[in-house]
Amino acid sequence: TVIPTRVVAIDLLKHKPAHRCALGYTMEGPSGQRRLFAKTFAGDRGASIFVTMGAVSLAVERESLIVPRPLGYFAGPRLLVTEFIDGVPLAAALYDGRDDSPALRSAQAIAALHDSKAVFTRRWSPLREAANTAEWLRGLDVHAPRLATQARELLESLSRRGAQLPEPPDTAVHRDYYADQVWDTGGRTALRDLDDARGGDPAIDIGNFLAHLTLRSLQFP
């Protein structure tokens with residue numbers, strides 16, 4: 001017997017045209033309503049992200065950190081469906097600076113991922129990071145050529161240093177870690193957006209987090 005379940009609402013949560021779109025589905029069945037999170041991609045990234053999220057959700061103890069469980073991937077619409085994590089980002093409380101709790105919880109969240117035994121097929125390296133940055137810099141040539149020259153000089157210096165670093169460890173890293181990725185859900189801490197998780201040097205997550213704080217101070221003096 002097939003138990004009927006139907007979609008009663010679809011909410012557009014975030015949209016980056018020509019790249020990806022995040023959706024919230026409200027499902028209704030015999031046991032009541034349930035929300036699901038879904039993301040559709042321009043390419044085929046969703047299939048590998050589904051595997052990545054499965055590895056993380058199995059490796060991280062839910063008592064120490066909540067990570068969304070992957071529920072399915074549909075190749076036709078390139079739709080990745082996961083558990084819906086309801087809550088509020090810790091970023092606002094962190095920026096408010098009233099106490100150290102948000103910073104501590106952010107540190108504990110990424111430490112839980114770093115301490116996990118999740119295994120990935122994808123690997124991070126300093127040279128790959130430099131290559132990604134070089135790709136991003138192409139847009140500056142048109143919009144801010146003077147800044148592009150400065151940025152390219154900095155990147156060349158960083159690339160030379162990166163080439164001298166030892167082989168990075170195979171630690172589970174988030175790769176896109178900043179304050180808005182850490183959420184409070186009913187008093188517990190959740191870590192979101194594991195699209196870029198892979199094996200690598202945990203210093204990349206700490207560096208990203210600090211760089212985003214520096215960027216915010218420049219954006220909102």
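Let's start with Tyr-73: this residue is partly exposed, with a relative accessible area of 22%, where buried means under 20%, exposed over 50% and partly exposed in between (1.4 Å probe, protein chains only). Tyr-73 sits in strand 4 (residues 70-74), and its C-alpha atom is 14 Å from that of Leu-23, 50 residues away along the chain. Keep in mind that this is a predicted model, where local features need pLDDT of at least 70, side-chain atom pairs count only at pLDDT 80 or more, and totals for chains, interfaces and linings use all residues. Residues are numbered from 1 along each chain as its sequence is written, and side-chain values use heavy atoms, leaving out hydrogens and water.

**Overall picture**

- The protein chain has 7 helices and 10 strands, counted as DSSP runs numbered from the N terminus (helices are H or I, at least four residues; strands are E, at least two).
- Its C-alpha atoms fill a box of roughly 65 × 40 × 35 Å along the principal axes.
- Of the 221 residues in the protein chain, 38% are buried.

**Confidence**

- The average pLDDT (the predictor's confidence in each residue, from 0 to 100) is 93 for the protein chain, and 99% of the residues score at least 70.

- An open sheet of 3 strands runs in the order 6-8-9 with antiparallel pairing; two strands pair if DSSP finds at least two bridges between them.
- Strand 6 (88-89) and strand 9 (188-191) are the edge strands, each pairing on one side only.
- Strand 8 (residues 182-185) and strand 9 run antiparallel and are joined by 4 bridges.
- Val-182 has Leu-191 in strand 9 as its bridge partner.

**Nonpolar core**

- The largest nonpolar core holds 25 residues, and Leu-191 turns up again among those with the most contacts inside it, as do Val-56, Leu-65, Leu-113, Tyr-177 and Leu-194.
- Such a core is a set of buried Ala, Val, Leu, Ile, Met, Phe, Trp, Tyr and Cys residues joined through side-chain atoms within 4.5 Å.
- Helix 1 (45-59), helix 2 (91-96) and helix 3 (101-115) each supply at least two residues of this core, with helix 3 giving the most, 4 residues.

**Nonpolar surface patch**

- Tyr-95, Ile-206, Leu-210 and Leu-213 make a nonpolar surface patch of about 320 Å².
- Patch residues have over 30% relative accessible area and no salt bridge, with nonpolar side chains (Val, Leu, Ile, Met, Phe, Trp, Tyr) joined within 5 Å and like charges within 9 Å.
- A salt bridge is a side-chain nitrogen of Lys or Arg within 4 Å of a carboxyl oxygen of Asp or Glu.
- Helix 7 (residues 203-219) gives the most to the patch, with 3 residues, and Leu-210 lies in helix 7.

Key: Accessible areas come from the Shrake-Rupley method with a 1.4 Å probe; for residues, only the protein chains shown count as cover.
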